[in-house]
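Hi everyone, thanks for coming.

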Amino acid sequence: MGVKKLIFRLLPVTVFVSLRSKYRLILKAVYKPLTETDFINILTKRMGINKGDVVFIHCSVDALNIRFSAYRLLEILLDTVGPDGTLVFPAWHFTYRAEDYLKQDKIFNVRKSPSALGLLSELARRHKDAVRSIHPTTSIVAIGKKAVEITSEHGKTIYPCDENSPFYKLLECNGKIVGLGVDTNFLSFVHCPEDIMKGHFPIKTRTDKVYDAKVIDNKGNTRIIKTLAAHEQIKFRDINHFLKNNISNEVCENFAYKGNRFFIADASRLYNRIVELSNQNITIYTNKAVIRNIPKS
């Protein structure tokens, strides 16, 4: 277990957040802020992002030590992939457990519900060319040539991350997944193989109950989207430990530059490796996740 995760488990959340903020301030005092040129070099030379790429982005602007604004950061990302590329962002509108959200019978408004997953995600949602998926707990925003293709089928089934989801569409687009200011503990893509494998995934990661979630779509119509929620035992996961011990850096890599955390992953290769390992009963979950799936014959 990493030092940060150990501290998080041992200390009250408020104390952990305070210590993290102080640590970030120390890093920003030690290192000079990244310039636009620095950041473009990280994207293109270190991460290998090219024109026409489809890139799924996890980001914490607060954790980045950059000399330019979040608005400019989004512009740089769009310029990097160009008009033939597509940027994809997680944009769910709450940060607590999906099951707790669904039990409240709230309404998700595709056009108006703000993203709760950081400033860059919210700026992407507000972009004039943004397209947002209708899924009530795992909404995704995309900007670019394949935005509609990537988001349009999300919510067609009860599994939030299955073949109809933007996560799986990354495979069809030879997509990349990146972290800006965050490490792979934020890598939501790891749940895609779980939903594809369903009962054949060794650990139970979804509820048995199917929820009827209310959604106001882009046309202002109220719809019901049926969905499962994450099982409560998914909290027993250690993504960084799993990746460090089972996934090569060529497939997925955490790295740091001037005190800033980043990661880069090849979606297809990562997906295939996770499925391969899952068939060997090796997953992101610790031995505290004791409830198993029972595959249907």
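Let me begin with a term: two strands pair if DSSP finds at least two bridges between them. Strands themselves are DSSP runs of E with at least two residues, helices are runs of H or I with at least four, and both are numbered from the N terminus. Before we go on, please keep in mind that this is a predicted model, where local features need pLDDT of at least 70, side-chain atom pairs count only at pLDDT 80 or more, and totals for chains, interfaces and linings use all residues. Residues are numbered from 1 along each chain as its sequence is written, and side-chain values use heavy atoms, with hydrogens and water left out.

Now to the sheet. Here β7 and β8 run antiparallel and are joined by 6 bridges. One of the residues involved is Tyr211, whose bridge partner in β8 is Thr227. Together with β3, these strands make an open sheet of 3 strands, in the order β3-β7-β8, with mixed pairing. β3 and β8 are the edge strands, each pairing on one side only. From one strand to the next, the twist averages 35 degrees, with axes as lines fitted to C-alpha atoms (for helices over the stretch in contact) and angles from 0 to 180 degrees between N-to-C directions.

Next, charges. How many salt bridges does the structure hold? There are 21, counting a side-chain nitrogen of Lys or Arg within 4 Å of a carboxyl oxygen of Asp or Glu. One of them joins the side chains of Lys176 and Asp53, at 2.8 Å from N to O. That pair links distant parts of the chain, 123 residues apart: Lys176 is in strand β6, and Asp53 in the loop between α3 and β1. Are these two buried or exposed? Lys176 is buried at 17% relative accessible area, and Asp53 is buried too, at 12%; buried means under 20%, exposed over 50%, and partly exposed in between, with a 1.4 Å probe and protein chains only.

Back at the sheet, Asp212 in β7 and Lys226 in β8 are 14 residues apart, and their side chains meet in a salt bridge of 2.7 Å, N to O. Asp212 is partly exposed, at 44%, and Lys226 is partly exposed, also at 44%.

What about disulfides, meaning cysteine sulfur pairs within 2.5 Å? The search of the whole structure finds 0. For Cys161, the closest cysteine sulfur is in Cys192, 6.5 Å away, which is too far for a bond. Cys161 is buried, at 4%.

Finally, the interior. A nonpolar core is a set of buried Ala, Val, Leu, Ile, Met, Phe, Trp, Tyr and Cys residues joined through side-chain atoms within 4.5 Å. The largest one has 42 residues, and among those touching the most other members are Phe167, Leu187 and Leu270. Several elements each supply at least two residues, including β1, α8 and β10, while the largest share, 6 residues, comes from α11. Leu187 is in contact (heavy atoms within 4.5 Å) with residues including His58, Cys252 and Phe263, leaving aside neighbours within four places in sequence. A second, separate core has 32 residues, among them Phe39 and Ile264.

Terms used. A disulfide is a pair of cysteine sulfur atoms within 2.5 Å.
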